[in-house]
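Welcome! Have the sequence and the 3D view open side by side, and let us walk through this protein together.

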Amino acid sequence: MKGSRPRTTAVALPGGMPGGSPPGPGPDWPAGRAVQLSQARTLLREAVRGEGRVLVVAGGPGSGRSALLDAIGRVAADRGVPVLRSHCSADETDRGHAGAQQLFLRAGRDLPEPPPGDEERFLWQRLQEHVADGPVVLTVDDVQFADAPSRRWLLQVARRADRMPLLLVVSECRPHGPTGPRSRFGRTLPPSLVHTCDVPPLGPAAVGELLARHSGRPVPPSVVADWARATCGVPALLTALLADLAHTGERPEHPAREPVPAHAPTEGFVEAVEQWLHGMGREAMAAAYALARLDGSPAGPDGAGDLAALLGALCGTEPERAAAWLRELTGLGVLCPPAPDAWPAFAHPLLCRAVSAAHSPFGAREVRRTAADVLHRRGAPDAVVAAHLVAAGGEGPGWAAETLLCAARAARGAGHVEQAVAFLRRALAEPLPPGRRGTVLTELGGLEVVLGPAERASGVRHLAESVRLAQSDAGVFKAANALGAALAARGETTAALEVMEELTERYVSHPEMARAVQAAAALIASHDGRSWQEVVERLRRLTARTPARPAPAARALVAEYDSTSGALSAAEAAAIAREVTAEPLDPLSRMYVLASAATLAQWADELTLADELVGKGVAAHRGTTVDPGHQCLLSVRAESLMMRGRYGELLAACTEWGVPLGPSTVAEHVGPVNAHLVAQAVLALTDTGRVAEARRLVRSVAPDGCEGSWEWNEFLYARGLLHLAEGDPAAALADLLECGRRQAERRVVSPVVTPWRSAAADCRLLLGHPGEAVDLAAEELELARRWGTPRTVGRALRALGAATGGRSGMETAAQAVDLLRAADIGTELVPALIAQGRMLAEAGRRADARRVLREAVEHAERTGAGRLRDVAAGLLAAAGARLPSAPQTGAAALTGSERRICGLAAQGHTNAEIAALLHLAVRTVETHLTHSFRKLGVRRRAEIADRLGAPLP
């Protein structure tokens, strides 16, 4: 029967060695399988001696079991041993003995059909014919798919293998972990007869070997590691990805020399991943699919526990079993070990995208909806649950609305406006009562209008709908007020005032509501100069016709107008601020009265009073962020900090209020930010020497409908000073004159708001026009004296002295210094000292100039005014003084011990407590504080924190 035996032709392996020596690593040789091949060669030698063996090649899907089986066959063929092959298929599980019969098929010829009922005897005859003439190797691939009769016959062969010159090699897919098959081939056979050869994922060395074969040279370890993560060391995934990159033309020659691309996976790789997951079992596949749809979404505090519960709910199984699936995926390298408060992440982004692109048993919405339900039941934070509700869409469970609204409030409080908007929009998909729906629309619209032009139109629509739905008077007022402010921010002041006019008519019989509407309308009208004047005139006429004392809001608003038009002094304005806030205030108009009164107090340099009023107004605010009263309070607070030279605190507050500070600032990032807040931030950045940041901030702001507002005039003034600091007096003058022209249209002449004349005088002087500079400075001085605060008068005197020059100019500058020094107004004193020092130096009085300029340097260091400090230091050096290598005043001048002691003192610790904490004598603490107070320029412990927080020059 020799002639009938289908023998396999011996194949010489590339680089192979004769006999049992390990073959060389040829291009088709399986990488990283030397141990497995060595085990097969040992068993083959025993089979050749007549002591047959059984080898089970076990591994997960895509692990290269078939390639290893083929390699074992080539080892046998290289020794002249015939190889009979069979590849079982799931398609033939219902065909009896199909898998076993494949072993005896001749090339190009069908196997004769055995007599019915006599199949096993027929198979034994065929096998005996082959082993009668010498050793033989049987390879059966994917034995897990073998039909039941074939599997039974193969087990019979295995039991008798030790009596035949036979090596039976079967490959079986055995996913790692609890999802593997319970019935394993050879489980009931003697251990001495059956040998198992595990085929794990490839390690880094094997992946590097495989990549080197494809690229033709060694691959860097970082690239190897990236490929290993993307493919989990699975040969099938590695091969598919390499083939895809070569076939798509992206890397046709050497696809393995670079890291795995981060873009969307190709079709072949997706199919390979899908087959691989399918082979791991339904449970592990479900876990991978669900995780891919959770990628990037928030997790609860117990990420692993929450996920196990989620998978259990999706698959209808116990969380403990689902946790085992996750451990299996982590062990296979599919997932990274999870952090306590995060979902497990895929080992590589491309792998996650491939799983997402595969055919999933779950839809993304189903996963996110189930996640929301599970996380809600397990007590996860509202924001985490709400994020999944947003992604799921549609109507949620009964608790969804409250969860979304709570999450929106928390997001808004944390300054995450976009997140709050997403939560509120999703809440509108829930069944809400009309009144509750109107409240949500008001809050949503008020947030949308601060996100920029693209969202503002939606915000206006939502606010308009909220006016219609609001059921209480307070709700209607809040919605209409927000709508009016939003329209005004778009430059539609007339439309905004029409909304407020309709509201006034609606509440004509409700005095308290009518007064609140009038106050809100007046602040809205300030966005447009003509509308502002008309509202003030209307308030005047109303006051004249009414025998009773005008309402506090009306008196305060008219006082604002009279202050800027030069009709009131600072003392009169401060008196009105105290008067209107001393009376009982209507709850609805309270914030508007406080905002106007705080503005008057701040203009009058009553900064403590201004801070107190701002604090009361902000604490009581319950409306939207675009509420004009709230925005006015923020503006007062910002300018008050600027007037004190508390730059660090101002910039931190501006960041919290939405001013886009930082290197990434670009125009499209900025919505309708309060231009006045931007102006104060620009001034602070300019004074502290951060001119490049100030320029970036200026470029990020577009008019966006607010060109006619008083805030935009403040912005023009700040931009003009920035131009001046950058050494461009011509551009500075253009902005300052435009600011002055716009203010004149609004009948704003007092320098208490934007002292553009003194700054324009500096520009005129630099451009060689001293006469025009004198005229501008003299005009501002006259208006400043009418207002009557040392700040405005000292600033104007400084500008006039510099413009006049000579002996008269020096005397005027000296008056400015004396006035500002006595009033302790450091932000204006430093420029005045610089002007006086420059003129003294030019007059040849170098010693006097050095004395004055040293004082300027010290004051600038204390406040952190780095730009002015550098200017004063430069003039001081030019006057022949030696500059110290380190600052002598300010936070930068403190020693380490002084800074530690000041920090504890700023936290409220007494000297005795500080001494105990630092193990010092109380006297030592007192000495350090004395030196620190001198360096910081403070008199009280309460002032330390501000000086420590100022940016260092």
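## A first stop at C232

Does C232 count as buried or exposed? C232 counts as buried because its relative accessibility is 6%; buried means under 20% relative accessible area, exposed over 50% and partly exposed in between, with a 1.4 Å probe and protein chains only. You can find C232 in the loop between helix 7 (221–231) and helix 8 (235–247). C232 has a positive phi of about 60 degrees, although it is not a glycine. Most residues other than glycine have a negative phi.

Before going on, two notes on reading the model. This is a predicted model, in which local features need pLDDT of at least 70 and side-chain atom pairs count only at pLDDT 80 or more, while totals for chains, interfaces and linings use all residues. Residues are numbered from 1 along each chain as its sequence is written, and side-chain values use heavy atoms, with hydrogens and water left out.

## The whole chain

The protein chain has 44 helices and five strands. These are DSSP runs numbered from the N terminus: helices are H or I with at least four residues, and strands are E with at least two. Of the 953 residues in the chain, 54% are buried. Among contacts with a separation of 6 or more, 68% are between residues 24 or more positions apart, where contact means heavy atoms within 4.5 Å.

Now look at strand 3 (residues 136–141). Six of its six residues are buried, so strand 3 is largely enclosed by the rest of the structure. In a regular strand the side chains alternate between the two faces of the sheet. Here V136, L138 and V140 point one way, and V137, T139 and D141 the other way.

Strand 3 runs parallel to strand 2 (residues 83–87), joined by five bridges; two strands pair if DSSP finds at least two bridges between them. In this pairing, R85 stands opposite T139. Strand 3 also pairs in the parallel sense with strand 4 (residues 166–173), over five bridges, and there V137 stands opposite L167. From strand 3 the chain crosses through helix 5 (residues 148–160) to strand 4, in a right-handed β-α-β crossover. Right-handed means that, with the strands pointing away from the viewer, the path from the first strand over the helix to the second runs clockwise.

## One loop, two residues

The loop between helix 33 (729–745) and helix 34 (756–766) holds S750, and R747 is in that loop too. S750 is buried, with a relative accessible area of 4%, whereas R747 is partly exposed at 46%. Leaving aside neighbours within four places in sequence, S750 is in contact with S563, T564 and W787. R747 has a positive phi of about 65 degrees although it is not a glycine.

## A pocket to explore

The second largest pocket is lined by 45 residues, of which L721, D762, R798, P831 and R867 lie nearest its centre. A pocket is an open set of points on a 1 Å grid over the protein atoms alone, with protein on both sides within 12 Å along at least five of seven lines; lining residues have an atom within 4 Å of a point. Helix 38 (residues 826–842) gives the largest share of the lining, eight residues.

Conventions
1 Å grid on protein atoms, 1.4 Å probe; cavity = no way out; pocket = protein on both sides within 12 Å on 5 of 7 lines; lining within 4 Å.
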